Every structure is written in C-alpha cells, then in structure tokens.
Amino acid sequence: MIMRLLLSFALLWLVLIQPNHPAAMTWGALALVPLELPALLGALVLVGDGRAGRVLRAALVGVLVVIALLKLADLGTFIAFSRGFNLLVDFHLLPAGWVLVQGSVGVVLAWAIALGAMLGLIATIAALWWAMGVWARLRLPVAGRAMAAIALI
C-alpha cells in the first residue's frame, strides 16, 4: 500500500512540475513542490471513491492532461521558434508539421510516431486515473480526514 501511494504521488508530482520552457529542464526542477498537489490529494481523500469521487477524478484527469499537453506544446514551440505556444496562431502549423515529419522520416515511420504519441497519451490518462484512484480509495481516521480538509484551504 505504501509503495502504491508513493508511486502515485510521484506520478502526480512529475506531471505537475513538467517544464514548459527548455531553460526549466534542470535537475533543480525536481526540487519544486507544486502547490496544487496537497489540494488535489486532499480533495481525492475527502471525496473518496464513490460516484462523486469518480466524477472528480475524471475532471481532474482531464484538466491535468490538457495542462500537460499545453506544457508540451509550449516546450516544443520554444525549442522550434523561441516563443511560447499560442493555440489560435499555431494551430495552422499542425498540417505543416505533419508534412515535415513525413518528409523527414517517411510516411510509415511518421504514422508510427503518431501512433506512439497516441498510445503515450492513453497511457498517461490511464496512469493518472490509477494514481488518483489510489488516493481516493485511501481510508483515513477522522484526524487524517481533518488534515485532508486543511490541505484544501
């Protein structure tokens, strides 16, 4: 049980500290403490694993996946163009990027890369769902639930 809690904590922590700029990719970034993490874990422990807990988990997974994708897009845009990602301005670059990848590595390998990216996205969603479920199923005494409530403040 302790190992699952530690592993799920580490997964959520790594997703929350994911850098969005190449200069932020340092070993020192691993010492960052995301301020959202105690609130996220506290909410999961308080709500539990019932129907409301599953709705909360689904919403949190959706939000974290969108944040992770936007951070990844920001990182890629900084690497390629030395500027941040702008969804409205940069959306038209996706077809051009696809043509560039196909021309660089070939059609078959480009599709393999796209499939790998989709499988990575699905694996991330599943891992986040599992990690939040570990915390939602955690049964604490009244004092522990009080600490979880304080973490939300």
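Trainee: Is Ala-126 buried, partly exposed or exposed?
Mentor: This is a predicted model, in which local features need pLDDT of at least 70, side-chain atom pairs count only at pLDDT 80 or more, and totals for chains, interfaces and linings use all residues. Residues are numbered from 1 along each chain as its sequence is written, and side-chain values use heavy atoms, with hydrogens and water left out. Buried means under 20% relative accessible area, exposed over 50%, and partly exposed in between, with a 1.4 Å probe and protein chains only. Ala-126 sits in helix α6, and because its relative accessibility is 44%, Ala-126 counts as partly exposed.

Trainee: How many Å lie between Ala-126 and Ala-23, C-alpha to C-alpha?
Mentor: In sequence, Ala-126 and Ala-23 are 103 residues apart. In space, the C-alpha to C-alpha distance between them is 29 Å.

Trainee: Which helices do the buried residues of α6 pack against?
Mentor: Helices here are DSSP runs (H or I, at least four residues; strands are E, at least two), numbered from the N terminus. The buried residues of α6 include Ala-110, Leu-128, Met-132 and Trp-135. Packing rests on contact, meaning heavy atoms within 4.5 Å. By that criterion the partners of these buried residues are α1 (2-16), α2, α3 and α5 (93-105).

Trainee: What span does α6 reach from its first C-alpha to its last?
Mentor: The expected span of a helix is 1.5 Å times one less than its number of residues. With 30 residues, α6 is expected to span 44 Å. Its reach in the model is close to that, at 43 Å.

Trainee: Is Arg-57 buried or exposed?
Mentor: Arg-57 lies in helix α3 (residues 51-81). Its contacts, leaving aside neighbours within four places in sequence, are Leu-44, Asp-49, Trp-129, Met-132, Gly-133, Ala-136 and Arg-137. Because its relative accessible area is 3%, Arg-57 is buried.

Trainee: Which residues does Lys-71 touch, not counting those up to four places away in sequence?
Mentor: Lys-71 is also a residue of helix α3. Its C-alpha is separated by 24 Å from that of Leu-6, 65 residues apart along the chain. The residues that Lys-71 touches are Val-15, Leu-16, Ile-17, Gln-18, Pro-19 and Asn-20.

Trainee: Which residues of α2 are buried?
Mentor: Helix α2 covers residues 36-47 and reaches 16 Å, close to the 16 Å expected. One of its residues is Ala-43, which counts as buried because its relative accessibility is 16%. The buried residues of α2 are Leu-37, Leu-40, Leu-41, Gly-42, Ala-43, Leu-44 and Val-45.

Trainee: Which residue follows α2, with a positive phi?
Mentor: The phi in question is near 85°. The residue that follows α2 with this value is Gly-48.

Trainee: Which helix has the lowest mean pLDDT among the elements?
Mentor: pLDDT is the predictor's confidence in each residue, from 0 to 100. The mean for the protein is 89, and 95% of its residues reach 70 or more. Among the elements, helix α6 (residues 107-136) has the highest mean, 96. The lowest mean, 69, belongs to helix α7 (residues 142-152).

Trainee: How many helices and strands does the protein have?
Mentor: Along the sequence the pattern is α-α-α-α-α-α-α. The count is seven helices and zero strands.

Trainee: What share of the residues of the protein count as buried?
Mentor: The C-alpha atoms fill a box of roughly 60 × 30 × 30 Å along the principal axes. Among contacts between residues at least 6 apart in sequence, 68% join residues at least 24 apart. Of the 153 residues, the share that count as buried is 25%.
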